[in-house]
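Reader: Hi! I'm new to reading structures, and I'd like a close look at how the side chains pair up in this one. Could you walk me through the charged pairs and the ring pairs?

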Amino acid sequence: MEPYNQHTIFENGEGQVIGRYAEQEFANWLVANRMVFTYSGPDKGSVDFDVNGFTIDVKCKQRNVEAQLDHDAHVNWYQKKFAVQIYVFCSYWKQAEQLQWMGWIGKKEFWKQARRVEAGQLDGTFQEKKDSGKLKYSELRPMPELIECLEGIT
């Protein structure tokens with residue numbers, strides 16, 4: 001499988017498979033919560049979903065361990081200009097074949113709070129591939145609050 005686009009990290013297409021799986025599961029989550037939405041993920045644009053006028057980008061990171069609250073939500077710096085309003089983060093624990101919803105945050109809030117890392121910089125044992133913004137999962141809002149936001153309750 002060829003890379004999805006010039007920003008794909010995994011050359012074998014594994015990242016885009018996990019990303020599409022996460023989008024599918026998010027769509028299932030929206031349906032379970034009786035939310036009407038438009039899905040545009042396959043269009044290779046910056047927006048995956050539109051729900052009641054809110055544009056959403058689902059971010060999924062594949063991991064070799066179960067995700068922890070001190071792990072990072074991660075958005076590449078070039079995406080800062082993309083026309084989305086909300087980021088939803090999940091992790092896919094490869095060995096357990098388990099998707100874990102970690103939370104969500106408004107784009108403006110994410111970039112206001114995120115710490116910047118640069119390509120090549122070490123973060124523990126992980127070497128950053130791109131300039132990015134990172135925020136701990138513990139700083140995200142819980143998923144039930146996303147439904148309230150999308151319904152205009154909060």
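Author: Along the sequence the pattern reads α-β-β-β-β-β-β-α-β-β-β-β-α. Keep in mind that this is a predicted model, where local features need pLDDT of at least 70, side-chain atom pairs count only at pLDDT 80 or more, and totals for chains, interfaces and linings use all residues. Residues are numbered from 1 along each chain as its sequence is written, and side-chain values use heavy atoms, leaving out hydrogens and water.

Of the 154 residues in the protein chain, 40% are buried. Buried means under 20% relative accessible area, exposed means over 50%, and partly exposed is in between (1.4 Å probe, protein chains only).

Now the charged pairs. A salt bridge is a side-chain nitrogen of Lys or Arg within 4 Å of a carboxyl oxygen of Asp or Glu, and the count by this rule is 10. Take R20 and E23, whose closest N and O atoms are 3.8 Å apart. Both sit in helix α1 (residues 14-32), 3 residues apart, which is about one turn of the helix. R20 is partly exposed at 32% relative accessibility, while E23 is buried at 9%.

Next up, E109 and R141 form a salt bridge with their closest N and O atoms 2.8 Å apart. E109 belongs to helix α2 (residues 107-113) and R141 to the loop between β10 (132-136) and α3 (143-150), so this pair ties together parts 32 residues apart in sequence. E109 is partly exposed at 25%, and R141 is partly exposed at 31%. R141 also has its charged end over the ring of W104, 5.4 Å from the ring's centre; the rule asks for NZ of Lys or CZ of Arg within 6 Å of the ring centre and within 35 degrees of the ring normal.

R116 and D131 make another salt bridge, at 3.4 Å from N to O. Here R116 is in strand β7 (residues 115-117) and D131 in the loop between β9 (126-127) and β10, so the pair ties together parts 15 residues apart in sequence. R116 is partly exposed at 42%, and D131 is partly exposed at 30%. The charged end of R116 sits over the ring of W77, 4.0 Å from its centre.

And the rings? They pair if the centres of Phe, Tyr or Trp rings (for Trp, the six-membered ring) lie within 6.5 Å; planes under 30 degrees apart are stacked, over 60 edge-to-face, and the rest tilted. That rule gives 12 aromatic pairs. In one of them, F26 and F49 have ring centres 5.0 Å apart and planes at 70°, so the pair is edge-to-face. This pair links distant parts of the chain, with F26 in helix α1 and F49 in strand β2 (residues 49-51), 23 residues apart. F26 is buried at 0%, and F49 is buried at 0% too. Y87 and F89, in turn, have centres 6.0 Å apart and planes at 55°, so they count as tilted. Y87 is buried at 1% and F89 is buried at 2%. Finally, ring pairs link F26, W29, F37, Y39, F49 and W101 into a cluster.

Note on methods:
Helix = DSSP H or I, 4+ residues; strand = E, 2+ residues; numbered from the N terminus.
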